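Biologist: Please show me the model, and then let me ask what stands behind the words you use for it.

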Amino acid sequence: MQKILFVCLGNICRSPLAHGVAQQYIKELNLAFEIDSAGTSTWHTGEAPCDNSIKVAAQHQLDISKQYARTITKDDIQKFDYVVAMDKQNKVDIENFGFKNVYLLGDFGMYEGADIPDPYFFNGFEGFEKVYTMIALCVKDFIQRIEDRRI
Ligand code: 4NP
């Protein structure tokens with residue numbers, strides 16, 4: 001089974017959304033993938049996703065409240081076939097940790113390599129809908145491309 005790891009900085013805002021969207025999508029399409037997410041930092045280990053990510057996911061019939069944050073590990077380097085970063089700094093951090101062939105989520109969908117904005121410092125809920133929309137489009141395109149053997 002192909003395994004995909006979505007990574008951001010804290011593993012509480014963006015990558016939990018990517019993780020949840022991917023799980024929902026593969027279930028809908030009856031595909032066999034293993035999906036997980038992690039952060040490059042240790043700052044929020046063990047925490048549930050941030051309230052606004054839980055809220056925007058719920059508005060899209062997606063429950064991500066049972067996820068909890070963890071940090072990337074050396075074992076992940078062997079385990080996962082695809083590792084996907086949320087922004088360019090994030091990609092550099094993941095590569096410096098030892099991962100090879102890290103994908104940038106914004107290279108998929110229609111965003112021409114844009115970073116998924118870090119919503120942790122947004123003021124309130126505004127902005128989370130845009131982040132959700134970007135993530136959902138890019139994650140689905142990413143999985144579709146794997147299925148079509150285009151990556
Ligand atoms: P994430 O967002 O990388 O999308 O989970 C962040 C969460 C926490 C922090 C930064 C970004 N932080 O500085 O604690």
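Modeller: A polar side-chain atom of histidine 44 is 2.8 Å from an oxygen atom of the ligand. This is a predicted model, where local features need pLDDT of at least 70 and side-chain atom pairs count only at pLDDT 80 or more, while totals for chains, interfaces and linings use all residues. Residues are numbered from 1 along each chain as its sequence is written, and side-chain values use heavy atoms, with hydrogens and water left out.

Biologist: How much of the ligand does the protein bury?

Modeller: The protein buries 92% of the 350 Å² that the ligand exposes when taken alone. Accessible areas come from the Shrake-Rupley method with a 1.4 Å probe; for residues, only the protein chains shown count as cover.

Biologist: Which residues surround the ligand?

Modeller: Among them are Cys8, Trp43, Asp118 and Phe121. A residue is near a molecule or strand if one of its heavy atoms lies within 4 Å of it. By class, this shell has seven nonpolar, three polar and two charged residues.

Biologist: Why are β1 and β2 called paired strands?

Modeller: Two strands pair if DSSP finds at least two bridges between them. Seven bridges join β1 (residues 2-8) to β2, so the two are paired, and they run parallel. Strands are DSSP runs of E, at least two residues long, and helices are runs of H or I of at least four, numbered from the N terminus. Cysteine 8 stands opposite glycine 39 in β2.

Biologist: What is the strand order of the open sheet?

Modeller: The order is β2-β1-β3-β4, with parallel pairing. β2 (33-39) and β4 (102-104) are the edge strands, because each pairs on one side only.

Biologist: What makes aspartate 87 a cap for helix α4?

Modeller: A side-chain oxygen of aspartate 87 lies 3.2 Å from the backbone nitrogen of glutamine 89, at the N-terminal end of α4 (residues 88-97). Just after α4, glycine 98 has a positive phi of about 130 degrees.

Conventions:
A polar contact is a pair of N or O atoms within 3.5 Å; within protein, one must be able to donate a hydrogen and the other to accept it, and residues adjacent in sequence count only if both atoms are side-chain atoms. Ala, Val, Leu, Ile, Met, Phe, Trp, Tyr, Cys and Pro count as nonpolar, Asp, Glu, Lys and Arg as charged, and the others, Gly among them, as polar.
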